[in-house]
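Reader: I have some questions about this fold. Can we go through it piece by piece?

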Amino acid sequence: FITPVTPNASTVFSRLVAVGTDGSGLELPLAGALWAVTPPVATTENAGFLRDDARLSIVVVSDASDQSPRPPAAYVDLLLAAKLAHQRPELVRLSGMVPTLASAPSNCTYDDASSNSARYDPVIAATFGGREEICSSNWNTTAARVGEATFGGPTRLFLSAPADTTTSPLTLSVNGGPVPSGCATGIACGQACS
């Protein structure tokens, strides 16, 4: 992995993300993410990658559907376990720039006709990540939205103690102001507010 002290970090990054067709045709982004943060890789090549003071943010960039062997819910559970975050699920976020349409737009192609985000969607939703179309015509906007969902502020907040509503009703506010219209139900249900 790349750190602030990695020599020639941009060159190393370019080499690591080079795309091509020389590898396997089996796309396993969810399994690959888990592989990178669990032993033996997490204790050898990636030793020190998972840190107590940092959130685990994963961004999948793929033109294909995921073909990992486990059900999507298992990857949510195993990623939370790798980060020791079952009590603090906000510490894990998976976002995706993936196929989101029934078929690719005319100016783009998916890996195969059946490519879709059906396996990514439950993991993205469970971790409150961002989901964007891989065939976007505006990558600046797409990358910015995924970046905000991945590295921005939390979309789900947790109370430090049970709310006492016996003396007054519970009032929700964001940054000291009223909650935007339509968000109170989403917040009360633990879902992201749009």
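Reader: How many of the residues of β2 are buried?
Author: Seven of its seven residues are buried, so the strand is mostly covered. Bear in mind that this is a predicted model.

Reader: Which residues of β2 sit on which side?
Author: Val 92, Leu 94, Gly 96 and Val 98 are on one side, and Arg 93, Ser 95 and Met 97 are on the other. Both faces of β2 are covered.

Reader: What else does Ile 58 touch?
Author: Leaving out residues up to four places away in sequence, Ile 58 touches Ala 33, Leu 79, Arg 93, Leu 94 and Ser 95.

Reader: Which residues touch the most other members of the largest nonpolar core?
Author: Ile 58, Leu 79 and Leu 94 do, in a core of 20 residues. At least two residues of this core come from each of α2, β1, α3, β2 and α4. There is also a second, separate core of five residues, which includes Met 97, Tyr 110, Ile 134 and Val 146.

Reader: Let's go to α2. Which of its residues are buried?
Author: In α2, residues 29-36, the buried ones are Leu 30, Ala 31, Ala 33 and Leu 34. Seen down the axis of α2, they fall within an arc of 160°, so they line one face of the helix.

Reader: What do they pack against?
Author: The buried residues of α2 pack against β1, α3 (72-82), β2 and α4 (120-126).

Reader: Now α5. How far apart are its end C-alpha atoms?
Author: They are 17 Å apart. The 13 residues of α5, 139-151, should span 18 Å at 1.5 Å a residue, which agrees.

Reader: Which residues of α5 are buried?
Author: Thr 142, Val 146, Ala 149 and Thr 150 are. They cover an arc of only 100° around the axis, which puts them on the same side of α5.

Reader: What covers them, and what is on the face turned away?
Author: The cover over the buried residues of α5 includes β1 (56-61), β2 (92-98) and β3 (131-133). The face turned away from that buried side carries the exposed residues Asn 140, Glu 148 and Phe 151.

Reader: What happens at the start of α5?
Author: A side-chain oxygen of Asn 138 comes to within 3.2 Å of the backbone nitrogen of Asn 140 there.

Reader: Is Leu 84 buried or exposed?
Author: Leu 84 is exposed, because its relative accessible area is 74% and the cut-off for exposed is over 50%.

Reader: And Phe 128, buried or exposed?
Author: Phe 128 is buried, with a relative accessible area of 16%, where buried means under 20%. Phe 128 lies in the loop between α4 and β3, and has a positive phi of about 55° although it is not a glycine.

Reader: Which form does the peptide bond from Pro 39 to Pro 40 take, cis or trans?
Author: That bond is cis, with omega near 10°. Pro 40 is in the loop between α2 and β1.

Notes
Residues numbered from 1 in each chain as written. Predicted model: local features only at pLDDT ≥ 70, side-chain atom pairs only at ≥ 80, totals over all residues. Heavy atoms only, no water. Helix = DSSP H or I, 4+ residues; strand = E, 2+ residues; numbered from the N terminus. Expected span 1.5 Å × (residues − 1). Buried < 20%, exposed > 50% of the residue type's maximum accessible area, 1.4 Å probe, protein only. Arc of directions from axis to C-beta. Contact = heavy atoms within 4.5 Å. Polar contact = N/O pair within 3.5 Å; in protein donor to acceptor, adjacent residues only side chain to side chain. Core = buried A, V, L, I, M, F, W, Y, C linked by side-chain atoms within 4.5 Å.
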